[in-house]
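Let's take a walk through this structure together, with the coordinates open beside you. Please have a look at the view below before reading on.

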Amino acid sequence: MDLQVALLLGQDGLTNGAIYALLALALVLVFAVTRVVFIPQGEFVAFGALTLASFQADKTPGTLWLLLAAGGLVSLFEVGAALRRRKLGLVAPTLLWNLAYPALAAAIAVLGHPVAWPLAFQVLLSLALVVPLGPMVYRLAFQPLAEASVLVLLIVAVAVHLVLVGLGLLIFGAEGSRTPPFSEASFEIGSIAVNGQTVWVLVASLVLVGSLFVFFDRTLRGKALRATALNRTGARLMGISTVKAGKQAFMLAALIGAFSGVLIAPITTIYYDSGFLIGLKGFVGAIVGGLTSYPIAAAGAVLVGLLESYSSFWASAFKEVIVFTLIIPVLLWRSLKSQDIDEHQ
Amino acid sequence: MMRRHLGFIAFVGLLGVCPLVLPEFYVTLLNYIGLSALVTLGVVLLTGVGGLTSFGQAAFVGLGAYSTAFLTTATDLPLWVAPFAGSPWIALLAGLLLTGVVALVLGFLTLRLSGHYLPLGTIAWGISLYFLFGNLDFLGGFTGISGIPVLSVVGIELRSGRAFYYLIWIVVLVAVRVIQNLLDSREGRAIRALQGGTLMAEAMGVDTARAKMIVFVLAAFLACVSGWLYAHLQRFINPTPFGLQVGIEYLFMAVIGGAAHVWGAVVGAAAFTILKQWLQDWLPSLLGSSGSYEVIVLGVLLVVMLQRAREGLWPVLARLVPDTKQPITFEVTEVSPRNPILALGTELLDCRNVRKEFGGLVANDDMSLLVGAGEIVALIGPNGAGKSTMFNVVSGVWPLTSGEVRFRGERVDGMGARQIARRGMSRSFQHVRLLPCMSVLENVAIGAHGRGRAGVLAACLHTERREEREILSFAAAQIERVGLGEFMVAPAGSLPLGQQRILEIARALCANPSLLLLDEPAAGLRYLEKQALGELLRRLREEGIGILLVEHDMDFVMGLVDRCVVMEFGQKIAEGLPAEVQANPAVLAAYLGGAL
């Protein structure tokens, strides 16, 4: 391997690593707030990418039907719950979000002819369709189990992952898609050609990480999420709604996931089931951070990206083996570090 | 008991007739159900019983299948492998050996970590092993290995699915029986105690790391055997059935069938396999395109079950066959003497200058206290004074920061809870730690863990019944001793909280302790129950047991104990006879506020 190749692989690894880092952050966030190990994170990546691809191909994205259906289901549940408690007045905002909003999004997506729009607007509309699915998934699958053990939540997460992959196949079909890059530009640094999309990915990741930091450290809502992460009961006693916190965490995770999908789709072809492995690589990074530390999780994810890139050069058939075996020394290190007093849930 | 036996016999009879009357398609389906049930049995053992979860069992199935496929088909083997080649039976042993080694290594890496790391680890190795199977040339890559020889058992060639059927289901029934035996034993109780958290089990002398490893390796063995059978049934393998997706399916089966029940594995495997087959048949035609859409329905079903019916199908089925279980019979033997018998007044516990810091917080500071044989000492003080911390430090739950703890003359600080428990110190907990679904008798018998010697193999084969009877008799004697005899077979969770605390004392007594640490034993008891508890503690004192107790009920304490140690802000502020302590101005100030 000469320097040229090494630097190229490094660039690839860094780009993918930045995406994994975003996903790792979302995973840490969801786990901290809701104790859900969010296996379906990757499906949002695929949904984001494929929704954008549908717009570009002048097709109505299947995510639209998913959004309408999920919103309808949530509304049904919420109205049912409100009827039982005889507090029908409280459902108005829920219906706004779960019925009116999807209907509006559907109208725009079908009538607005988005294929003619500039890329940035298409991206925004894709996010607008995918991101509300996050809180809906939380409401349908996880909220009724909010007090269950981590293990039960994890099994539910795996089930949700399978459901979303199945639905992905149903609404997008088996063909993969690529989307055009945000920027066609390409420039040289020294002897290395750097393409514009790489810069986009790195800058966008940094901006997102930065804004997450500001959100958690400087805003009341972010602090409320952190409080929920530390102590659910305590947070509830302070008037923080843990249900709301859960939905917000899932919303952020869906946003990060879908945006990562839009970022990565120009670099690699995305299929309906591509999200899983991408999400899991974020996981390996998140585990490096013990599912609690944001900076270590991000660093771990970048490491995963680099490892993947270099191992694809040396032993491309064993790329996945190498990446997922990395978890074993990491677990060993965690295991030797941990005190393990009584973590009974 | 009888009716359930009849149900079982009817089930076996039905199984025996099936291949004689059913068409080929259904026999094949039943074969796959049996193979899945075997793996799911391991998942039940892990998830429902031991509180661990694995998504990676399919990888162990793959180890079993590839071991035999490779060893029975390969030619030109290197010299060190050659002796193992050729025979499926030697290949089975080799596969079990390999699986055991892999499970031990993976278990060593992940079992010590808290709950969710293990399943995440299993996802990772599930993926790794799948890609490894698919990318190693000598394992045939993604095309796999064909030409695996026909298995023959006692001279009969199992060439057809119908012939193979009997082997599969005999293995399943034997495995179910072995696991049932194991769970109904001392080692099995130790495994079931894992669900109550490691703290209690360790304090009862259970090596929880070992118990976890046992279930993990056993589950891997079951998967490996299933893989071996699969390879010889199919006579062709490729990596697909050993991927993560299938590993997840085994967990689904356990949840659907009832993860806490051994028969849940069989029911779950059957329900899942049939449902999946059925969905695969008509979903694509309904949706107008082909694809594995059944996962949508199965996934939704699983979520709904976990939300609404987490117990699974087996408890519902079991109710159809009412189990008129006779109460366990045993003789309540004389209580065997404490080991060793200590003269009254012999020094048991000697804490010197114990200090415990949590970060910057000093929970115990310069604490010294003595407890002798045949003496009741109360550790009292306002809430947050550090009493429970002191208990946890003494009993080895937490390491102390400085100072020393001697128990019967031996330094025990730095030892773990388990080693200290085995030396004759036993305890109860401030927040009751019982296994609510297990009977009172079984809960108490966990305390007698250290009395038994029989290992896992003896437990699986039930060759340790004499020892088991002794343990249960001893446990029953302790229950009678604390006055809970009438609740012997009731689930522990059905007792009121006060009696659960008494149950914890019986469990602690089961360990044959010379020193008892009781954390608020009288909390939640009514007046008469408190009197009975006082009587019990006095009797124990007369037998020479030393007792250190934390208690808030001063009437109870003052009439009972020999000495009081008073704590405030982590320090000892007074010590002496109850009457002296009651008159001590520092104590009054601590309890009633400084302005006295």
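Predicted model: local features only at pLDDT ≥ 70, side-chain atom pairs only at ≥ 80, totals over all residues.

Of the 596 residues in chain B, 51% are buried. If you count the contacts in chain B with a separation of 6 or more, 74% of them join residues 24 or more positions apart.

How is chain B divided into domains? The domain assignment gives domain 1, covering 31-244, and domain 2, covering 347-592. The C-alpha centres of these two domains of chain B lie 42 Å apart. The two domains also touch: 23 residues of domain 1 of chain B are in contact with 31 residues of domain 2 of chain B. On the domain 1 side, helix 6 (161-183), helix 7 (186-192) and helix 8 (198-203) of chain B each supply at least two residues. Helix 7 of chain B provides the largest share of that side, six residues. By class, the domain 1 side of this contact divides into 10 nonpolar, seven polar and six charged residues.

B:Gly161 and B:Thr28 are separated by 133 residues in sequence, yet their C-alpha atoms are 6.3 Å apart in space. Leaving aside residues up to four places away in sequence, B:Gly161 touches B:Glu24, B:Val27, B:Thr28 and B:Asn31.

Now for a pair of packed helices. Two such helices are described by the angle between their axes and the distance between the axes. In chain B, the axes of helix 3 (residues 57-73) and helix 5 (residues 117-135) come within 9 Å and cross at roughly 30°. Because angles under 35 degrees count as roughly parallel, helix 3 of chain B is roughly parallel to helix 5 of chain B. The crossing of helix 3 and helix 5 of chain B is left-handed. Which residues make the contact? Helix 3 of chain B brings B:Ala58, B:Ala59, B:Gly62 and B:Tyr66, while helix 5 of chain B brings B:Trp125, B:Gly126, B:Leu129, B:Tyr130 and B:Phe133. Taken by class, the residues of this helix contact are seven nonpolar, two polar and no charged.

Let's turn to the place where the chains meet. Here 43 residues of chain A are in contact with 39 residues of chain B. On the chain A side, the elements that give two or more residues are helix 7 (150-172), helix 12 (275-288), helix 14 (319-325) and helix 15 (327-337) of chain A. Helix 7 of chain A gives the most, with 16 residues. The side of chain A that touches chain B has 32 nonpolar, six polar and five charged residues.

Helix 6 (residues 133-142) of chain A also deserves a look. Nine of its 10 residues are buried, so helix 6 of chain A is largely enclosed by the rest of the structure. The buried residues are A:Leu133, A:Gly134, A:Pro135, A:Met136, A:Val137, A:Tyr138, A:Arg139, A:Ala141 and A:Phe142. What covers them includes helix 1, helix 3 (63-85), helix 5 (119-130), helix 7 and helix 11 (242-264) of chain A, together with helix 12 (294-308) of chain B.

We finish with two backbone details. Most residues other than glycine have a negative phi. A:Arg35, however, has a phi near 65°, a positive value in a residue other than glycine. A:Arg35 lies in the loop between helix 1 (3-34) and helix 2 (41-56) of chain A. Is this arginine buried or exposed? A:Arg35 is buried, with 22 other C-beta atoms within 10 Å. B:Asp366 likewise has a positive phi, near 55°, and its place is in strand 6 (residues 361-372) of chain B. B:Asp366 is partly exposed, with 14 other C-beta atoms within 10 Å.

Terms used
Residues numbered from 1 in each chain as written. Chains lettered and ligands numbered in written order. Buried ≥ 20, exposed ≤ 12 C-beta atoms within 10 Å, placed from the backbone. Contact = placed C-beta atoms within 7 Å. Helix = DSSP H or I, 4+ residues; strand = E, 2+ residues; numbered from the N terminus. Nonpolar A, V, L, I, M, F, W, Y, C, P; charged D, E, K, R; others polar. Axes fitted to C-alpha atoms, helices over the stretch in contact; angles between N-to-C directions. Parallel < 35°, antiparallel > 145°, perpendicular 65-115°, else oblique. Left-handed = near helix turned anticlockwise from the far one by under 90°. Domains from an automatic or database assignment.
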